[in-house]
Amino acid sequence: MDDIKVLVVDDHSLVRHGLKQIIELESGINVVGLAGNGKEAILMVQDLKPDIILLDINMPKLNGIQTLRRLKDMDKNIKVIMLTFHEEREYLFETINLGANGYILKDAESESLIKAIRNVFKGSSYIYPTLATELVSEFNHKEESVVKNFREDNLTKREYEILTLIAEGFNNREIGENLFISEKTVKNHVSNIFKKINVNDRTQAAIYAYKNNIKKL
């Protein structure tokens with residue numbers, strides 16, 4: 001299997017090179033490029049075609065939110081993990097709506113960074129645990145509608161089970177193996193879940209599950 005190709009985008013040279021060193025200690029993951037701003041990143045993405053982009057939120061020339069928007073306009077399947085400090089959490093809600101696939105703190109332990117890269121590469125989302133509460137808080141602050149529980153959203157027992165596994169970071173294949181159903185069946189259930197709870201992607205679904213304290217039956 002080919003190595004996971006990662007592009008690191010951060011305006012601080014020490015951070016870029018520090019992340020590169022941490023990532024390349026792990027077998028099967030290779031940093032193919034380092035970009036200092038969003039404009040550089042977009043050009044490098046077209047050139048290098050990385051599997052994962054680690055994207056800083058606060059950068060000159062083109063910040064992380066603007067860069068994420070352009071990347072997703074180029075290809076909605078591009079996988080992006082946002083790099084953030086705690087004090088930048090007010091931006092995270094916006095990146096959810098733009099389709100970010102994961103969130104990791106810059107001072108997170110290396111194991112969490114590697115887990116985020118591997119999870120997102122496999123098609124799952126990853127939210128750093130201490131950020132999950134912040135994201136839910138921001139989500140609640142921005143939303144005007146009253147949160148419904150899963151029965152009010154008409155989720156079946158199977159859909160509820162799948163939603164709990166999405167929140168745990170499982171991809172469709174892993175969910176299928178866990179529940180002894182085909183990957184195609186899981187995909188159909190996931191599509192129905194997204195419609196019922198009014199979300200667009202797995203990250204939003206995971207946050208919905210956190211908000212509603214949805215746990216395994």
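Biologist: In what order do the six strands of the open sheet come?

Modeller: Before that, keep in mind that this is a predicted model: local features need pLDDT of at least 70, side-chain atom pairs count only at pLDDT 80 or more, and totals for chains, interfaces and linings use all residues. Residues are numbered from 1 along each chain as its sequence is written, and side-chain values use heavy atoms, with hydrogens and water left out. Now, strands (E, at least two residues) and helices (H or I, at least four) are DSSP runs, numbered from the N terminus. Two strands pair if DSSP finds at least two bridges between them. Here the order is 2-1-3-4-5-6, and the pairing is parallel.

Biologist: Which strands are at the edges?

Modeller: Strand 2 (29-35) and strand 6 (126-127), as each pairs on one side only. For a pair to look at, take strand 3 (residues 52-56) and strand 4 (residues 79-84): they run parallel and are joined by five bridges. Isoleucine 52 stands opposite lysine 79 of strand 4.

Biologist: Which strands does helix 1 touch?

Modeller: Contact means heavy atoms within 4.5 Å. Helix 1 (residues 13-24) packs on the sheet and touches strand 1 (4-9), strand 2, strand 3 and strand 4. Helix 2 (residues 38-48) also packs on the sheet, touching strand 1, strand 2 and strand 3.

Biologist: And at what angle do helix 2 and helix 3 pack?

Modeller: Axes are lines fitted to C-alpha atoms, for helices over the stretch in contact, and angles run from 0 to 180 degrees between N-to-C directions. Helix 2 and helix 3 (residues 64-74) pack at about 20°, with axes 10 Å apart. Angles under 35 degrees count as roughly parallel, over 145 as roughly antiparallel, 65 to 115 as roughly perpendicular and the rest as oblique. So helix 2 and helix 3 are roughly parallel to each other. Residues making the contact include Ala41 and Ile42 of helix 2, and Leu71 and Met74 of helix 3.

Biologist: Why is helix 10 said to be largely enclosed by the rest of the structure?

Modeller: Buried means under 20% relative accessible area, exposed over 50%, and partly exposed in between (1.4 Å probe, protein chains only). In helix 10 (residues 202-211), nine of the ten residues are buried, so the rest of the structure largely encloses it. Among them are Ile207, Tyr208 and Lys211.

Biologist: What comes after helix 10?

Modeller: Asparagine 213 follows helix 10, and its phi is positive, near 55°.

Biologist: Is threonine 84 buried or exposed?

Modeller: Threonine 84, found in strand 4, is buried, with a relative accessible area of 0%.
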